[in-house]
Amino acid sequence: MLSQLLVTALLGLSATASPVANPPSYGGGSSKGQVAFKFPLTNGFPNIKVPSPELTEIQKNAHGTLPNTALPTKINDTSAANLQLIAFNEIFEVAYFSSLLNNVTHGSYGQEIGSKAAKNMVINAIKTVRAQEELHALGANAILASAGRTTIKPCEYIFPVDKFDDAITLAYTFTDVVLGTLQAAQFAFAEDGDAELVPLVGSIIGQEGEQNGYYRSLTGKVPSALPFLTRSAGPFAYSALQMFVVPGSCPSAKDIKLPIFEPLTVMTKNIKLKDQMLTFAVKKTTAAAVSKMSVVYINQQNKPIVEKVQNVKTSGDSVTFQAAFPAATNLMNSLTLSALTTSAGPFADLDAVAAVTKYGPGLIEIN
Ligand SMILES: *[C@@H]1O[C@H](CO)[C@@H](O)[C@H](O)[C@H]1NC(C)=O
Ligand SMILES: *[C@@H]1O[C@H](CO)[C@@H](O)[C@H](O)[C@H]1NC(C)=O
């Protein structure tokens, strides 16, 4: 569950946004005069040569190296699209953890972290994570380059948090989305003739899972969230990442051939593990149009759950509505992706849901 603090921080993000709960609202922009995060880093990242003293330093901080095995010179179009999304995401993560590291190091989170020893442990962990994410991003772009594909450049970013706990909560929320999306990447690589990339992605999934165990422990949760982590799909991850992107700041947007869905705002706060009604909000539509749509939930490796849209109301420039959320019945802990779709299914899988999604994903975290 995202903390109330995060919700408050998010509410403050955009003067025009409707109240947002779990979690961040979309639509970037630095509406509160927030300074956008811009690359390059002081070491020149993402422009790092292989080999170079800068790479050597990143590898030291990452406690390990880029793979030194031969890179593929040919990959399938689908694989290229998946690697581009991976690179886009990893570059965002470098930005996020750089900002987090900077804030912890310079004390901008105040007394939240506790003792000096606790703070130093966090700094050491995040410094390592940041360098590891740099290598994930450089690695994905290196495969794209070697296979003659378009590499991915950074955007400018804003982060809808300014407190330590909220920053860590947000870190495990987007990492949960990434952990679901990398499952989809593995499936694509296995299917489209690039199975040699499956173990590489498996090694990243494990690494991101280790990170999430740490973030969950830091915020008082059991380290391992679920027996089978929630699956995601490229269009959901790419749409979710837009919440951190300064609109119009991505030179690579034209190269990423994935849809960006309109935001689906989860209005209900502090969602607990019980069967309940949730309230959602969307914009740029009418009550009549929303009344014909369905809410779909994706959690763990289970069949998508479809619920009726109910109690549709127009409020200002938003349309609000409710849908049942059978969280207790289905033990829907950790990440649930919600989507507003033009079809009521039934859906065989996530790609079928993505194909008819208009708004989403609304990210719900129960812990
Ligand atoms: C770091 O602090 C700045 C200033 O308060 C804030 O805008 C930014 O979102 C923070 N970053 C993270 C990851 O918490
Ligand atoms: C690319 O992958 C698709 C399935 O995603 C497959 O149908 C196609 O044959 C693959 N192309 C090559 C050149 O392997």
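Biologist: Which helices each supply at least two residues of the lining of the largest pocket?

Modeller: Bear in mind that this is a predicted model. The largest pocket has a volume of about 830 Å³, and 36 residues line it. Leu-66, Pro-67, Leu-135, Gly-139 and Ala-140 are the ones nearest its centre. The helices that each put in at least two residues are H3, helix H4 (116-146) and helix H6 (198-218).

Biologist: And which helix gives the most to the lining of the largest pocket?

Modeller: By class, that lining has 23 nonpolar, 11 polar and two charged residues. With 10 residues, the top contributor to the largest pocket is H4.

Biologist: Which helix gives the most to the lining of the largest cavity?

Modeller: The largest cavity has 15 lining residues, with Asn-89, Val-177, Val-178, Ala-237 and Leu-241 nearest its centre. Sorted by class, the lining has 12 nonpolar, two polar and one charged residues. Helix H3 (77-105), helix H5 (164-191) and helix H7 (234-241) each supply at least two of the lining residues. The most, five residues, comes from H5.

Biologist: Now the ligands. Which helix provides the largest share of the shell around ligand 1?

Modeller: Around ligand 1 you'll find Gln-34, Tyr-96, Ser-99, Leu-100, Asn-103, Tyr-109, Phe-159, Val-161, Asp-162 and Ala-167. That shell splits into six nonpolar, three polar and one charged residues. The largest share of the shell is four residues, and the helix they come from is H3.

Biologist: What percentage of the area that ligand 1 exposes when taken alone does the protein bury?

Modeller: Start with the polar side-chain atoms: one from Gln-34 lies 3.1 Å from an oxygen atom of ligand 1, and one from Ser-99 lies 2.8 Å from a nitrogen atom of the ligand. Tyr-109 also has a polar side-chain atom 2.6 Å from an oxygen atom of ligand 1. Taken alone, ligand 1 exposes 370 Å², and the share buried by the protein is 77%.

Biologist: What about ligand 2: how much of its area does the protein bury?

Modeller: The residues around ligand 2 are Asn-76, Thr-78 and Asp-192. In the side chain of Asn-76, an N or O atom is 2.3 Å from an oxygen atom of ligand 2. By itself ligand 2 exposes 360 Å², and the protein buries 34%.

Biologist: Which residue in S6 is the bridge partner of Lys-283?

Modeller: Strand S2 (residues 275-283) and strand S6 (residues 318-326) run antiparallel, and nine bridges join them. For Lys-283, the bridge partner in S6 is Ser-318.

How values were computed: Residues numbered from 1 in each chain as written. Chains lettered and ligands numbered in written order. Predicted model: local features only at pLDDT ≥ 70, side-chain atom pairs only at ≥ 80, totals over all residues. Heavy atoms only, no water. Pairing = 2+ DSSP bridges. 1 Å grid on protein atoms, 1.4 Å probe; cavity = no way out; pocket = protein on both sides within 12 Å on 5 of 7 lines; lining within 4 Å. Nonpolar A, V, L, I, M, F, W, Y, C, P; charged D, E, K, R; others polar. Near = heavy atom within 4 Å. Polar contact = N/O pair within 3.5 Å; in protein donor to acceptor, adjacent residues only side chain to side chain. Areas by Shrake-Rupley, 256 points an atom, 1.4 Å probe, with all protein chains shown as cover. Points joined across faces, edges and corners; volume = space filled by probe spheres on them.
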